[in-house]
Amino acid sequence: MSHTPHELAEEFPAHAERIHDLKQSDAHFANLAEEYHELNRQVHRMETEVEPVATHIEEDVRKKRLAVKDTIAAYLERPESA
């Protein structure tokens, strides 16, 4: 198990610039990115036992993070508008 945070730019390196641009220009994407960031930090704190929790709670947060990540991935696959 890795204790390294999974930042969006690291998860989607080919889209790092687009992620930055979308966070600035698209409120919906910015909210998704912020939600991912918060869930990611929760998982990191749980992994490092800064905030120890029951296994099922950590698993639930991981599932939420993955669902948000999947939504972001689908968003990034959309064609860029001109």
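1. Buried means under 20% relative accessible area, exposed over 50%, and partly exposed in between, using a 1.4 Å probe and protein chains only. By that rule, R18, I19 and L22 are buried in helix α2, residues 16-25. Seen down the axis of α2, these buried residues fall within an arc of 105°, so they line one face of the helix. The arc is that of the directions from the helix axis to the C-beta atoms. An α-helix has 3.6 residues a turn, so residues three or four places apart point the same way.

2. A word on the basis. This is a predicted model, in which local features need pLDDT of at least 70 and side-chain atom pairs count only at pLDDT 80 or more, while totals for chains, interfaces and linings use all residues. Residues are numbered from 1 along each chain as its sequence is written, and side-chain values use heavy atoms, leaving out hydrogens and water.

3. Overall layout. The chain has four helices and zero strands. From the N terminus, the order is α-α-α-α. Helices (H or I, at least four residues) and strands (E, at least two) are DSSP runs, numbered from the N terminus. The C-alpha atoms fill a box of roughly 45 × 20 × 20 Å along the principal axes.

4. Burial and surface. Of the 82 residues, 26% count as buried. The chain exposes about 5500 Å², and carbon and sulfur atoms supply 51% of that area. Accessible areas come from the Shrake-Rupley method with a 1.4 Å probe; for residues, only the protein chains shown count as cover.

5. Charge. The chain carries 10 positive and 18 negative side chains, and the centres of the two sets lie 2 Å apart. Lys and Arg count as positive, Asp and Glu as negative; His and the chain ends are not counted. Each charge is placed at NZ of Lys, CZ of Arg, CG of Asp or CD of Glu.

6. Around α2. What covers its buried residues includes α1 (8-11), α3 (27-47) and α4 (55-77). Contact means heavy atoms within 4.5 Å. The face of α2 turned away from the buried side carries the exposed residues E17 and Q24.

7. The core. A nonpolar core is a set of buried Ala, Val, Leu, Ile, Met, Phe, Trp, Tyr and Cys residues joined through side-chain atoms within 4.5 Å. The largest one has 16 residues, of which L8, F12, I19, F29, I72 and L76 touch the most other members. Helices α2, α3 and α4 each supply at least two residues of this core. Its largest share, seven residues, comes from α3.

8. Two phenylalanines. F12 sits in the loop between α1 and α2. At 13% relative accessibility, F12 counts as buried. Beyond four places in sequence, F12 contacts I19, K69, I72, A73 and L76. F12 and K69 are 57 residues apart in sequence, yet 9.9 Å apart from C-alpha to C-alpha. F29, with residues up to four places away again left out, touches I19, L22, K23, I72, Y75 and L76.

9. Among contacts between residues at least 6 apart in sequence, 73% join residues at least 24 apart.

10. Two glutamates to check. E49 lies in the loop between α3 and α4. Its phi is near 60°, a positive value in a residue other than glycine. E49 is exposed, with a relative accessible area of 60%. E35 belongs to helix α3 and is partly exposed at 40%.
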